[in-house]
Amino acid sequence: MDDTMVWTGIAAETWDTTGGDAPQWDHDFFRNVLEENPGLALDVGCGAGRLLVRFLEYGLDVEGLELSPDMAKICQRKATAKGLNPTLYLQDMRTMNLPKTYRTIFIPCGSFMLVLDYEEAKQTMRRFYDHLQPGGILAFTMFDMFGFKPEESSGEWRKPWHFSLPDDSEMEVSFHLDSVDQVEQVFRGQRHYKIIKDGQLLREQYLEDTFRWYSFNEIRLLLELSGFELISAKGNKLDEALNETHWAMAVVAKKRDSV
């Protein structure tokens, strides 16, 4: 449990200004799940509040769980600016232990993929199960990473992305693929953040970019082993069943009464 990717420092500070606060494709998916299953919900990996703050504005009853103190502080600051006071827990989803249960737990941004070990993945699913009310709903998104191949880890940094920041500085983000383990299905890489102004490097940060990808059948088995009934699995277009053309999947499962 020592190599989980955590958004801190520059990566957290510039998350919103580089597009991280946009509603994105999963917004309507999660909103519909919560509205169809009214009651207290938990946003696991709520980050800087992309969904949580919006959902609170809509009048939905949502709390948040986040591993990064920096992201949680940003989330709280944004919510406060809108007159909102969210309940936020600074915990790891793999070991979360909260004082209440929820009608819905949702995990956006493929955050479950940060659980690298399969045994830990099963334990994490059980954490979700234990924190759901009878008949509660688990909803999450995952991304398809099968397009990455080991030979792509050439040792070179890829061409950087450039973003303009509010203070007229520029952020440069480079990506490096270290390895792709197709047996364990673990992708290991790094991100290099640079803040530059007037040609001068002001700050820089390296961020571990490591996650595990899961096939649909693995997810279905994890759900079954953990006491869930699969309700639906759709592709990123959300209006059609999951198929090989999709780069993401959106999953909904229901807690069974007994395992």
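The legends below describe close-up views of a predicted model.

**View 1. The open sheet of seven strands.** The strands are arranged in the order E3-E2-E1-E4-E5-E11-E10, and their pairing is mixed. Strand E3 (88-90) and strand E10 (228-235) form the edges, each pairing on one side only. From one strand to the next, the twist averages 15 degrees.

**View 2. The pairing of strands E5 and E11.** Strand E5 (residues 132-143) and strand E11 (residues 248-255) run antiparallel and are joined by seven bridges. Within this pairing, Thr141 stands opposite Ala250 in E11.

**View 3. Two helices that lie across strands of the sheet.** Helix H3 (residues 27-36) lies across strand E1 (41-44), strand E2 (62-66), strand E4 (102-107), E5 and E11. The direction of helix H3 is at about 175 degrees to E5. Helix H7 (residues 216-226) lies across E5, E10 and E11, and runs at about 155 degrees to E10.

View 4. In soluble globular proteins, nonpolar side chains tend to be buried together. The largest nonpolar core in this model comprises 52 residues. Those with the most contacts inside this core are Ile105, Phe112, Phe128, Leu138, Phe140, Ile219 and Leu223. Strand E7 (residues 170-181) contributes the most to this core, with five residues. Apart from this core lies another, of 21 residues, including Cys46, Ala79, Leu84 and Ala250.

**View 5. The surroundings of Leu223.** When neighbours within four places in sequence are left aside, Leu223 is in contact with Met125, Leu138, Phe140, Phe228, Leu230, Val251 and Ala253. Among these partners, Leu138 and Phe140 are, like Leu223 itself, listed with the residues that have the most contacts inside the largest nonpolar core.

Definitions and conventions: Residues numbered from 1 in each chain as written. Predicted model: local features only at pLDDT ≥ 70, side-chain atom pairs only at ≥ 80, totals over all residues. Heavy atoms only, no water. Pairing = 2+ DSSP bridges. Helix = DSSP H or I, 4+ residues; strand = E, 2+ residues; numbered from the N terminus. Axes fitted to C-alpha atoms, helices over the stretch in contact; angles between N-to-C directions. Contact = heavy atoms within 4.5 Å. Core = buried A, V, L, I, M, F, W, Y, C linked by side-chain atoms within 4.5 Å. Buried < 20%, exposed > 50% of the residue type's maximum accessible area, 1.4 Å probe, protein only.
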